[in-house]
Every structure is written in structure tokens, then in C-alpha cells.
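Here's a protein to look around in.

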Amino acid sequence: MTPALAPNASPNAGPRPRPLLAIDGARKAFGGLVAVNDVSFDVMPCELLGLIGPNGSGKTTMLNLISGALKPTAGAITLDGKRISGLPAHAIARAGVARTFQLVRVLPSLSVEDNVIAGAVFGHRQSWGGEVRDRARHLLDRVGLAGRGDTPTTALTYIDQKRLELARALAGDPRVLLLDEWLAGLNPSELKIGIELVAALREEGRTIVMVEHVMDAIRSLCDRCVVMNTGRTIADGSVEDVLSDPEVVRAYLGESDA
Ligand SMILES: Nc1ncnc2c1ncn2[C@@H]1O[C@H](COP(=O)(O)OP(=O)(O)OP(=O)(O)O)[C@@H](O)[C@H]1O
């Protein structure tokens, strides 16, 4: 398919690739509270986008709108040009959006390996039998849970449950990966490993939207940042530009981070 030309593209600049994920005027109201208020941004293929902002600014709600856990009150969300907003969450997962949760959600009655297999069965690229078992073991190895496949999930520490959630999200080979504070709660050595793991996902060309408060991770990992405050986007640009934007400093970072 021919990518659309950006409106301001010069004739010699060549076609700009089409966003893989496009958020267009997304809005979510909970009664009188507008948690996401006319938010628009694009995520390009292979981009790692940081979605940051103060507590309660609407970041998790935005991820819920993308993944289909919530339906937008208004606006449209498209994946590779096809509208996904309004579809049920399982259909959006099949289309290629996978996520981790801020408060980890593993399937407690299944083993570690079967949790990952569930991700493959319900994900974008389905696999079965020996292939899916091999893939699950490879992913468990990758996230630091090698040899733990038979462990009941109830025996995992919180951090290991987070690792498991990432392996499960990757199992279906998603087109877009949503990470909701995946690095929160890690100690300094775990954080270093976690940042390296996300960097490796980026290197292999994954498209990632990362909600994160760990600013070292945002600085070292992200291509671009969108900043939300009270449901609205207040900045969208390179990490360097966004983090030195006076409005972002005022609303989120505080004077000491400026
Ligand atoms: N299901 C819900 N029902 C009612 N209000 C909600 C619901 N989910 C979120 N909210 C409200 O919407 C606003 C945005 O919440 P959200 O969790 O999206 O913020 P956030 O930026 O992810 O915050 P944090 O960084 O603390 O996780 C908050 O005021 C929150 O209380």
C-alpha cells in the first residue's frame, strides 16, 4: 500500500511512512470526569514512545482505550490504518496490540509457561503445540525466568510476575506493545536489566508505547515523548525538547529536574 504523504512534505522529501498506531481526538469521560480529553498522537513503526505525566493525568486510561479495556467516548484509534477503537479487547489483541498492566495480572490457576502460552493462543500471531512451547521457553529465558516454566504463578515474586507479563505480551508477536509502568518497583540492578531488555526489544524493531515515571528509562530508551496533564496533551516531541519544556517542568518534573 502506498503511504500517504504528510501535508507539509516537500516534493523531494519522499513519502513519510504511515503511523502504525494513530490516536485521533480520543476522549474518555467517567461521568463528569474527563480522564482523556481530545488526545491525538501518532506512533511510527519501530518507534519507542514514552507517555508521561503526573499521577492521574490519564496515561493508563489512554492505554486502556488503545487496548480496548475501555471504549472511547469520542475519537478514533487506528492500527495500520484500520480502526480498532470500538472493537472488543480480544479482537484488538488479535489485531496486534499487547500490553502489560500497572497492577500485574497473571492467570493464577496456570503455570508460568501456560501463562505465556495463553498469550500466544490469544495474540496476534497464533502458534500451537511444540512451536508454542519452544517460543514460551525462549521468551521466559529472555525475560529472566529460564527454567521456571512449571512454577505456579502464585510462587512468583511481584517482579517475576512482571517479567512473566512481558513474556506473555510478547508471545503473540504483537505489532504494538503497551508497557504500563513495567519498570516501576525494580531495585537499581533489576532496573538496569529491565532497561536493557526494553532496549533490546526496541533494537529488534518493536513498536512500543511506554507509560513510565522512571525518568532515567525515558531518557535512555525513548525516541519521542508525549506528555499528558489533566487528560490533555501538553507536549509531544523529542525527549530532550519535551523534558526542557517549561510547561512540562512546571506540571510534572518540578524545578529540581529542570
Ligand atoms: N474506571 C474509572 N472510573 C472513574 N474514574 C476513573 C477510572 N479510571 C480512571 N479514572 C480517573 O481518571 C483519571 C486518570 O486516571 P489514570 O489512571 O488514567 O491516570 P494515570 O496518568 O495513569 O495516573 P498514574 O500515573 O497515577 O497511574 C484519574 O482522575 C482517575 O481517578
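What follows is a short tour, from the whole protein down to one residue.

Keep in mind that this is a predicted model. Let's start with the big picture. The protein contains 9 helices and 10 strands. Its radius of gyration is 18 Å, close to the 18 Å that the globule rule gives for 258 residues, so the protein is as compact as a globular protein of that length. If you line things up along the principal axes, the C-alpha atoms fill a box of roughly 50 × 45 × 45 Å. Of the 258 residues, 38% count as buried. And if you take the contacts with a separation of 6 or more, 64% of them come from residues 24 or more positions apart.

Now for some helix packing. Two packed helices are described by the angle between their axes and the distance between the axes.

| Helix pair | Axes come within | Crossing angle | Handedness |
|---|---|---|---|
| H3 (residues 112–122) and H4 | 9 Å | roughly 115° | right-handed |
| H4 (residues 129–142) and H5 (residues 158–171) | 9 Å | roughly 140° | right-handed |

Take H3 and H4, whose axes cross at roughly 115°. That angle makes H3 roughly perpendicular to H4. On the H3 side, the contact is made by Val112, Glu113, Val116, Ile117 and Ala120, while H4 brings Val132, Arg135, Ala136, Leu139 and Leu140. Sorted by class, that contact has 8 nonpolar, no polar and 2 charged residues.

What about H4 and H5? Their axes cross at roughly 140°, and these two helices are therefore oblique to each other. Here Arg135, Ala136, Leu139 and Leu140 of H4 meet Ala167, Leu170 and Ala171 of H5. By class, the contact of H4 with H5 has 6 nonpolar, no polar and 1 charged residues.

Finally, let's zoom in on a single residue. Where is Thr73 found? Look in the loop between helix H1 (59–67) and strand S4 (74–79). Is Thr73 buried or partly exposed? Thr73 has 15 C-beta neighbours inside 10 Å, so Thr73 counts as partly exposed. Setting aside its neighbours within four places in sequence, Thr73 is in contact with Arg27, Lys28 and Ala29. Gly96 makes a handy landmark to find next: Thr73 and Gly96 are 23 residues apart in sequence, and their C-alpha atoms are 22 Å apart in space.

Terms used. Residues are numbered from 1 along each chain as its sequence is written. This is a predicted model: local features need pLDDT of at least 70, side-chain atom pairs count only at pLDDT 80 or more; totals for chains, interfaces and linings use all residues. Axes are lines fitted to C-alpha atoms, for helices over the stretch in contact, and angles run from 0 to 180 degrees between N-to-C directions. Helices (H or I, at least four residues) and strands (E, at least two) are DSSP runs, numbered from the N terminus. Angles under 35 degrees count as roughly parallel, over 145 as roughly antiparallel, 65 to 115 as roughly perpendicular and the rest as oblique. A crossing is left-handed if the near helix is turned anticlockwise from the far one by less than a right angle, and right-handed if clockwise. Two residues are in contact if their C-beta atoms, placed from the backbone, lie within 7 Å. Ala, Val, Leu, Ile, Met, Phe, Trp, Tyr, Cys and Pro count as nonpolar, Asp, Glu, Lys and Arg as charged, and the others, Gly among them, as polar. The radius of gyration is taken over C-alpha atoms; the globule rule is 2.2 Å times the number of residues to the power 0.38. A residue is buried if 20 or more other C-beta atoms lie within 10 Å of its own, exposed if 12 or fewer, and partly exposed in between; C-beta atoms are placed from the backbone.
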